[in-house]
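Here is a short briefing for a reader new to this structure. Keep the sequence and the model open while you read.

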Amino acid sequence: MKKHILTGAAAIALCLSMSSCDDFLTEDVRGSQNLDTYFADEEEVNSFIGGCYFEIAKDDWWQIYNAWLQADLTTDDLWDGNTTQTDGYQDVTYFMPTAPLNGALSNFWGARYQGIYTCNTAIARIPGAAMDETLRARRVAEARFLRAFFYFELARYFGGVPLITEPISNAEGIGRNTLDEVYDFVEKELAEVAEILPQRSEWGAADMGRATRGAALGLLGKTQVYHGKYDEAKISLKKVMDEGEYRLLDNFGDVWSVAHNNSEESLFETQTMYSNQYSLGSSLTVITGCRNGVGDGWAWGTPSSDLENAFIAAGDTERLRWSIIKTGCKDIPGEDDFAAFIDNNATVFTMGVNDQKFLDYKEAFGWGDDVFEEGYVIDPSQHKSARIIRKYFVPTQYRPEVYDKQKIPLNHRILRYADVLLLYAEACNATNDDANARTALNEVRERVNLAPVTSSGEALRDAIRNERRLELAFEQNRLFDIRRWDAGNGKKVIENIMGPNGSFVTYNLGPNADMYEKYNQGQSSDKGSRFTAPRDLLYPIPSDEIQRSNGAIVQNPGY
């Protein structure tokens, strides 16, 4: 469903939150509908449910998109990137003890609980509405699905969190539930709403993007994998596979294309649209775009050479070209008029082949004149890795009239069929069902022309893990995967990647470090060296939320 301009009940839902709009709550609502008399009919219910969907990504970059990006910045896949401005990420991405004060985490926590309050209100009020009984049950199920998704996100960020299932506006004195309790709740909700929600094919075009049975089963299976319930996860995920509502797109490059929003590969994604007047679009295209491009972006989140090397080691040229754009490239896949695109880039970059900066680059990197004359230059002095994310890049032929944050009509893919297949492969491997694990894994590999994997046991496990990194890069999975995966030495995988002796740290500080990352020390190359386990296996609870709870919420260990 497209994001709607919120009026009436949806506007009330946004303000009646448990962690913000405190001043608003002390006064009577003026000029708005009263929730005590709302939900009278189908129109009002539909309007309020629109407010529930609005909470997925809200209306600005700093509430949700920023925290989604920060999750990938905390891994070996991305650098913070922009080296020309003060960095608000590093207390988290560099594993600093000041992380509990991080603004992005605080905003994310508050926004997710605003969404939970909105859903709780819908769940409590919609049953009394005068409307078709089947549609009424579906609307309640949609709100329950969204609430489960919000709790899933909170749990994988922070661990156990307060489990609030009633529309209360003051959470003071409410402490944390355990992680098991939160996951159990999410699983129960998703299993139940999967029996109520229609299949994707049963929604009309106007309802595309609403929660479906497939989305509920897919998220259920994902939660069960995170929870270590592999036998249950196999059942949930196999239902998605067997019911035939989803498939891998033929071309990997189409997965993140504006032209393929709500494709047959997508189980669940944000809904965006371009509006010159309103904030209905995505932000990540601009936030992660090239800083020296023509209105391209802010350059937060630049891909690491470590990830690029992983693509190369796997012989994965197809996903590499659709995942990372590197300085000096002579084409960008999907960009129909590359020559015009780099002409505009050169106009903004204002650096000729005889200018001092170019001469410096020529000496430092071995550039020839053709790099500037024929290539796309991502300025190595402004971008830590001189790379940007291709998945979020929108070619000029698809760019809206006003190219700005909150204007880009690129839906954000939250759960897609490739993820389902790889989760199923992981669950099968964990239960000694390697034949089915290989089948699911190789279906994903076949699309990008990679040879089938024939291994078993731990070798197969490692192949599945590597496939998740390459297939799902920049899709908010890497951090949560490496935090939860056992490394086989009593540690989690992230402990072998980060820390003073971690593979990512020793590579970036060693003699074989990437020339662009070594050259640009506007962001230090020692990212990850301060990682400490078990502290950094979870994000800290935002300090202001602990204060708001009057001490009922206890901080994660180590902070």
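Helices and strands are DSSP runs, numbered from the N terminus; a helix has at least four residues and a strand at least two. By that naming, Phe-39 is found in the loop between helix H2 (22–25) and H3. The model is predicted.

**Helix H6 against helix H7**

- Helix H6 spans residues 103–125 and helix H7 spans residues 133–158. Their axes come within 9 Å and cross at roughly 155°.
- Angles over 145 degrees count as roughly antiparallel, so H6 and H7 are roughly antiparallel to each other.
- The crossing of H6 and H7 is left-handed.
- On the H6 side, the contact includes Leu-105, Phe-108, Trp-109, Arg-112 and Tyr-113. On the H7 side, Val-140, Arg-144, Phe-150, Tyr-151 and Glu-153 are among the residues that take part.
- The residues of this H6–H7 contact divide into 17 nonpolar, 2 polar and 4 charged.

**Helix H3 against helix H6**

- H6 also packs with H3, at an angle of about 155° and with the axes 9 Å apart. That makes H3 roughly antiparallel to H6.
- The crossing of H3 and H6 is left-handed.
- H3 brings Phe-48, Ile-49, Gly-51 and Cys-52 to the contact. H6 meets them with Thr-118, Cys-119, Thr-121 and Ala-122.
- By residue type, the contact of H3 with H6 has 5 nonpolar, 3 polar and no charged residues.

**Aromatic pairs**

- How many aromatic pairs are there in the whole structure? A search finds 30.
- One of them joins Trp-61 and Trp-298, with ring centres 5.2 Å apart. Their planes stand at 90°, so the pair is edge-to-face.
- Trp-61 lies in the loop between helix H3 (42–54) and helix H4 (65–73). Trp-298 lies in the loop between helix H11 (284–287) and strand S3 (302–303). The pair therefore ties together parts that are 237 residues apart in sequence.
- Trp-61 counts as partly exposed, at 23% relative accessibility. Trp-298 is partly exposed too, with a relative accessible area of 23%.
- Trp-109 and Tyr-113 form a tilted pair, 5.3 Å centre to centre and with 45° between the planes. Both residues lie in helix H6, 4 residues apart, or about one turn of the helix.
- Trp-109 is buried, with a relative accessible area of 1%. Tyr-113 counts as buried at 0% relative accessibility.
- Trp-109 and Tyr-113 belong to one aromatic cluster, which also includes Phe-108, Tyr-151, Tyr-157, Phe-158, Phe-185, Phe-480 and Tyr-539.

**Backbone features**

- Phi of Phe-39 is near 65°, a positive value in a residue other than glycine. Is Phe-39 buried or exposed? Phe-39 is buried, with a relative accessible area of 3%.
- Asn-262 has a positive phi as well, near 55°, and is a residue other than glycine. Its place is in the loop between H10 and S2. Asn-262 is buried, with a relative accessible area of 17%.
- The peptide bond from Ala-533 to Pro-534 is cis, with omega near 5°. Pro-534 lies in the loop between helix H23 (515–519) and helix H24 (543–548).

**Single residues to look up**

- Val-394 is found in the loop between strand S5 (387–389) and strand S6 (413–416). At 0% relative accessibility, Val-394 counts as buried.
- Val-394 and Ser-257 are 137 residues apart along the chain, yet their C-alpha atoms are separated by 7.6 Å.
- Beyond its neighbours within four places in sequence, Val-394 is in contact with Val-258, Thr-285, Arg-399, Ile-408 and Leu-410.
- Ala-259 sits in the loop between helix H10 (230–242) and strand S2 (266–269). Ala-259 is partly exposed, with a relative accessible area of 47%.
- From Ala-259 to Tyr-274 the C-alpha distance is 13 Å, and the two are 15 residues apart in sequence.
- Asn-429 is in helix H17 (residues 417–430). Asn-429 counts as buried at 12% relative accessibility.
- Leaving aside neighbours within four places in sequence, the contacts of Asn-429 are Asp-434, Ala-437, Gly-457, Leu-460, Arg-461 and Ile-464.

Technical notes: Residues numbered from 1 in each chain as written. Predicted model: local features only at pLDDT ≥ 70, side-chain atom pairs only at ≥ 80, totals over all residues. Heavy atoms only, no water. Axes fitted to C-alpha atoms, helices over the stretch in contact; angles between N-to-C directions. Parallel < 35°, antiparallel > 145°, perpendicular 65-115°, else oblique. Left-handed = near helix turned anticlockwise from the far one by under 90°. Contact = heavy atoms within 4.5 Å. Nonpolar A, V, L, I, M, F, W, Y, C, P; charged D, E, K, R; others polar. Phe/Tyr/Trp six-rings, centres within 6.5 Å; stacked < 30°, edge-to-face > 60°. Buried < 20%, exposed > 50% of the residue type's maximum accessible area, 1.4 Å probe, protein only.
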